[in-house]
Every structure is written in structure tokens, then in C-alpha cells.
Amino acid sequence: MTIKIGANPIIWSNDDMQSVGASTTLEMCLAQARKAGIQGMELGHKFPQTVSGMKAALEPFGLEFISGWWSTELLTRSAEEEIAALKPRLELLKGMGCKVCIAAETSNAIHGQIDTPLSARPYLAAGEWQEFARRMTVVAGFLADHGIDLVYHHHMGTVVQSREDIARFMDLTGPSVKLLLDTGHALWGGSDPAELARSYRERIRHVHGKDIRPFKRAQADVYDWSFLRSVLSGVFTVPGDGCIDYARVMRELPDYSGWIVLEAEQDPEIANPLVYARMGRNYLVDTLIATGHMKGDAS
């Protein structure tokens, strides 16, 4: 059993609001990630999109490429059209030896709209779930044939946000569709991250370590902020700086093997990325040692 700790570059530069962290170069991000003890990186908008470019960017820093977010549009296009659009990404994932493809349905999502409150997030009608799940299962089967798991990212402002959404999605999709457990999105969306881990441990293939600041979440809920406004307020932080008990979550995943990826969508001018990456990494190492997932001599 092996767990590695990675990071998402949104700690340094935001993908949905590219003005946030715009002055941070890719080299600065990678150098700080390595200095913080990070072993691998997910994709960000400043990264190369080719195998040769990605290797050239990461190898000088001794970092692995983990995977990257893929926005599916399966409510508006067929599984076959989605697969055709996905093929260039598949080449990158296979060429870099990735094991998972992160997917989230975004055809009607509102998380990238700073003036749209989260209360306006999309819902699927009862009759739409079956076809959505069927299409996702077809895409997951295609990826599985290439040795890659589709890991679905439940996310605020999308059709799979609440505990009820996650249950319906997991019940209707086939076993080829795996789950990405994002602790921060889980808690904010109304789920208990540890309960999700327990319920879907056999299908969880990827974990995002993102924590919540309860006061900021309460403000976002009461004032019905948009997702991006909530992010700018500091609703998210790294594990160890919020309210989620990661030991409780990981004890529900006794056989987990793979990546735990640090995330914290914060303004790097306010929250120093190196400080927060190191904080989150050190907290996760201590937690994984305590839960028996990592040896006590981990450096």
C-alpha cells in the first residue's frame, strides 16, 4: 500500500479566476511545491499540454504528473462525442503514466460565474439522471480499456454537489465509474467526508485534501455568495488549517493506495503558497502515520 502526497497548482494560481496568482510563474510553483515536500502535481492552466512539454517542465524538480481536471459535457453531447474530445487528454495521461482521469460535468455548472449565487446551481430532473449516468459509464469504460480510471469529482455549483446527488450518481453509474473524494467540497455540499469514504471505499481512487473554514462557509451560506466570491473570501484552506478531521476520514479508507492531492483555493498574495503547501503536507504526513497508512520515518 502506497500513498503519495501531491498538490494542485490552484494553491499558486487559480484556474477559474486566472487573475489570481497571475504573476506566479510555473517554475516558481514547481520549485515551491518541491521545497514543501510535494511529490507530484495535477494540471493547471500554466502547464504544457504535451507529453514532451510536461516532462521537460516537471523533471528538473523531480515531480510526477498526477492527472488533471476534465470538464465533461454529457448533458449536451453524446458519450461518443465526449470520447472524441477526450482523446488528446488521454494521450497526455497515458504518456505520463497516469492512473486516473478527473472528470466533472460542467455543461450547466455555475461555479465559474462570480455573480451567480450557489443557490442557483443546476439540478437534474428525475428523468435525466439515467441517461447522464449511462453516458458517463460509457466514457469510463473507454478510459478503463486504456488502463485509466475515471474518477468523478463532486463539486459545488454542479449537478453532483449534495449527498443525495452523489448517492444517485453512484447508484446509477456502472462500476467502471470511480469516485474522487474531495473532503472540502463534500463537507460544504452537505456530506460527511468520513461517511462518504466508508460508503464508497471500494470505488474511491483519488482524494483531494481540501479543508473548510467554518466561519467563511457560514458567511457564504447565509449571504448566498457565488462559489468564486466564497473562494476569494477564504472559504477553503489546506488540511490542518480548517475543521475536517482527516484521521477520521482515512480510517475509513484502510486500504487506500494512490494520491492525496493538497488544494487550497486562496489568493497567493494573502496566503503564501509555500507556507500553506508545507503546512498541509506536514499535517497529512502526521495524520497518515497516525492512521497506519505511512511509516513513521517518512520525511
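Biologist: Does R121 count as buried or exposed, and what's the relative accessibility? What is it?
Modeller: R121 counts as buried, at 5% relative accessibility. Buried is under 20% relative accessible area, exposed over 50%, partly exposed in between, with a 1.4 Å probe and protein chains only. Keep in mind this is a predicted model: local features need pLDDT of at least 70, side-chain atom pairs count only at pLDDT 80 or more, and totals for chains, interfaces and linings use all residues.
Modeller: D165, with the closest N and O atoms 2.9 Å apart. A salt bridge here is a side-chain nitrogen of Lys or Arg within 4 Å of a carboxyl oxygen of Asp or Glu. The two are 44 residues apart, D165 sitting in helix 5 and R121 in the loop between strand 5 and helix 4. Helices (H or I, at least four residues) and strands (E, at least two) are DSSP runs, numbered from the N terminus.

Biologist: How many salt bridges does the structure hold?
Modeller: 14. Another one joins R163 and E195, at 2.7 Å from N to O.

Biologist: Switching to helix 2, which residues are buried there?
Modeller: G53, M54, A57 and L58. They fall within an arc of 115° seen down the axis, so they line one face of helix 2; the arc is that of the directions from the helix axis to the C-beta atoms.

Biologist: And what's on the face turned away?
Modeller: The exposed residues S52 and A56.

Methods: Residues numbered from 1 in each chain as written. Heavy atoms only, no water.
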